[in-house]
Amino acid sequence: MTQANSNKIKDSKADKIFYAIIYIILAIVLVIVIYPLYFVVVASFSDPVYVNSGEILLFPKGVTFVGYQKILEDTRIWQGYFNTIIYAVGGTVFGLAVCIPAGYALSRKDLPYRGVVMALLVFTMYFSGGLIPTYLVVHNIGLMGTRILMIIMGTISVYNIILIRSFFSSSIPTELQESAEIDGCSNEKFFTSIALPLSKPIIAVIALYIAVAQWNAYFAPMIYLSDSSKYPLQLVLREILAQTNTGTEITDPEALEQLNTMAEVIKYGVIIVSSLPVICIYPLIQKYFVKGVMVGALKG
Amino acid sequence: MEIAKKPLRKKSLSKKPKLTPEQKAAQKAKTKLLMKKNWMLYLFLLPVVIYIFIFNYLPLYGIQIAFKNFNSGLGIWGSPWVGMQWFEMFFNSPRAWTLIKNTLSLSFFSILIGFPIPIILALMLNSLKNERFKKFTQTITYMPHFISVVVLVGMITAFLSPRSGFIVTLLEPFLGERIYFMGDAKYFDAIYVLSNVWQSAGWGSIIYIAALSGVSPELHEAAIMDGATRFKRIFYIDLPAIVPTIIILLVLRCGSLMTVGFEKVLLLQNNLNLAQSEVISTYTYKLGLLQSQYSYSTAIGLFNNVINFIILILVNRFAKKLSGSSLW
């Protein structure tokens with residue numbers, strides 16, 4: 001953007017060298033970022049024997065889908081998928097329903113004591129009770145091991161509320177609200193029929209933030225869930241990825257050897273299977289993500 | 001990040017001039033009227049307030065068990081006070097210093113290497129003329145941000161596997177042998193920090209790119225007229241423009257000096273690298289939830305939180321003095 005005008009002027013020699021260096025550096029950066037991801041894809045459908053011996057570097061060898069076949073047969077993964085979708089969808093709906101109105105209310109300059117509420121919220125960003133006191137609270141209110149807890153825990157973040165507040169205060173002029181008020185428009189009417197329709201970008205951003213966070217959540221489910229039928233995908237994934245196979249009951253050395261060989265390929269396969277939804281929708285939603293960070297950045 | 005710095009300052013200013021009793025009464029009446037008129041907005045806030053109260057403020061009440069000998073039968077209130085016993089126990093154990101040292105070294109290297117790279121990346125991307133290449137690079141470098149910690153750690157372990165890991169294979173010609181990186185404590189910090197850079201440098205650059213988009217093109221044009229090269233313009237135009245953003249983010253980052261990516265450290269741990277990879281937060285987790293030493297664990301966690309909070313305040317004050325940018 002800023003360089004649109006400099007296009008007209010011919011680059012000096014120093015600039016040419018400068019750009020050459022930048023392009024080279026960025027090309028290296030791109031390779032470093034892409035290669036590990038590419039490798040996972042290639043390894044996931046290569047012959048386990050080659051994967052295990054480290055012979056695969058650029059192209060798949062002995063293409064096979066046994067890894068994926070084994071993954072699709074694993075009921076734990078299906079169950080995990082199901083649970084994760086519940087937590088992600090439920091959490092997103094809950095988080096939005098709570099945070100959007102709150103962010104709107106905090107953006108209103110004519111709300112007495114909003115500074116107090118804001119300060120109370122911000123304080124929690126910098127000081128927390130810590131692991132055990134939080135754990136005891138969850139335990140005492142009887143939410144331990146429940147799906148409800150997985151849906152609500154972590155879906156309300158003060159950071160998101162601040163983003164929403166910034167969005168409203170920068171995109172909805174006070175005058176608009178004042179004139180609506182003079183015309184007899186109530187607060188809830190203004191929010192639902194004017195503020196909400198104008199806030200689609202921030203809703204998209206926050207929804208995606210929450211959904212991705214829920215999709216990737218690991219620690220909270222690990223400490224608060226004990227029933228494996230409620231495990232989200234990440235917990236199942238960890239189980240599979242951390243498997244060393246030495247503890248299995250198979251005594252036949254040949255079968256064990258085969259299982260060990262398979263394990264590596266399965267690991268790469270589950271990485272793909274579990275990350276696929278996020279990676280697939282990511283390019284479509286990227287512009288919203290960036291917008292979300294921008295709202296926060298420009299205000300800050 | 002922008003946390004109410006202006007409203008707060010304004011309030012303290014408006015309070016200074018002494019108001020006459022009539023003015024005060026009028027102000028009070030106005031506040032009351034506004035509260036009455038906007039009662040619906042308080043209803044909008046209610047769910048968040050309840051949630052934050054339960055999940056963030058109720059645990060603060062539980063902090064007192066750091067000074068008690070918690071017994072689940074007696075409850076938080078009923079457990080007997082023991083004073084600073086748990087803190088003394090912690091600081092008298094040789095483990096304390098290892099934990100603090102590990103936490104700080106991990107955090108220090110994360111800032112030293114992880115903080116400047118997104119800035120450099122943003123400056124490079126911002127100077128590109130080819131919009132399509134710029135967009136493409138952004139799309140690719142943001143991607144790892146969406147990978148979960150579990151997957152990332154799975155990838156790290158697989159790539160560093162001494163038998164089949166491709167990183168080991170690529171490094172073999174230079175190092176002369178296949179090194180088991182995950183099995184040696186001395187590589188732990190490097191693994192943690194570099195994988196962090198891989199995952200979040202691109203995403204971290206967004207905020208700087210946003211700040212750079214606010215730089216006036218006229219500044220660049222004038223500099224070009226004066227014969228400044230692109231490289232010089234980065235130093236004299238782009239970089240100064242994002243200094244306030246850099247300072248705020250650095251303050252925030254330093255405020256969590258004693259916090260490390262807990263999940264990732266925990267998942268990367270194994271018996272062989274524990275000497276370097278055991279940090280305060282993972283230790284409190286193990287102590288508290290695996291060994292049920294609630295009080296001891298809470299005490300160590302509280303120590304960590306308080307230090308963090310103090311550092312944040314100090315760094316913020318320092319930044320304010322130095323440059324006028326601060327959190328509040």
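In this predicted model, Asp74(A) and Arg76(A) form a salt bridge whose closest N and O atoms are 3.1 Å apart, a salt bridge being a side-chain nitrogen of Lys or Arg within 4 Å of a carboxyl oxygen of Asp or Glu. Asp74(A) is buried, with a relative accessible area of 18%, whereas Arg76(A), at 32%, counts as partly exposed; buried stands for under 20% relative accessible area, exposed for over 50% and partly exposed for values in between (1.4 Å probe, protein chains only). Because the model is predicted, local features need pLDDT of at least 70 and side-chain atom pairs count only at pLDDT 80 or more, while totals for chains, interfaces and linings use all residues. Residues are numbered from 1 along each chain as its sequence is written, chains are lettered from A in the order in which they are written, and side-chain values use heavy atoms, with hydrogens and water left out.

Over all chains, nine salt bridges are found. One of them connects the side chains of Glu181(A) and Lys37(B), at 2.8 Å from N to O. Glu181(A) lies in helix α9 (residues 174–182) of chain A and Lys37(B) in helix α2 (residues 21–37) of chain B, so the pair joins two chains; helices are DSSP runs (H or I, at least four residues), numbered from the N terminus. Glu181(A) is partly exposed at 29% relative accessibility, and Lys37(B) is likewise partly exposed, at 38%. These two residues belong to a network of salt bridges that also includes Arg108(A) and Asp110(A). In chain B, a salt bridge between Lys286(B) and Glu278(B), with closest N and O atoms 3.1 Å apart, involves two buried residues.

Tyr135(A) and Tyr224(A) form a stacked pair, 5.8 Å centre to centre with 20° between the planes. This pair links distant parts of the chain, with Tyr135(A) in helix α6 (residues 131–140) and Tyr224(A) in helix α12 (residues 219–224) of chain A, 89 residues apart. Both Tyr135(A) and Tyr224(A) are buried. Tyr51(B) and Phe55(B) form a tilted pair, at 4.7 Å and 35°, and both lie in helix α3 (residues 39–62) of chain B, four residues apart, about one turn of the helix.

Key
Rings of Phe, Tyr and Trp (its six-membered ring) pair if their centres lie within 6.5 Å; planes under 30 degrees apart count as stacked, over 60 as edge-to-face and the rest as tilted.
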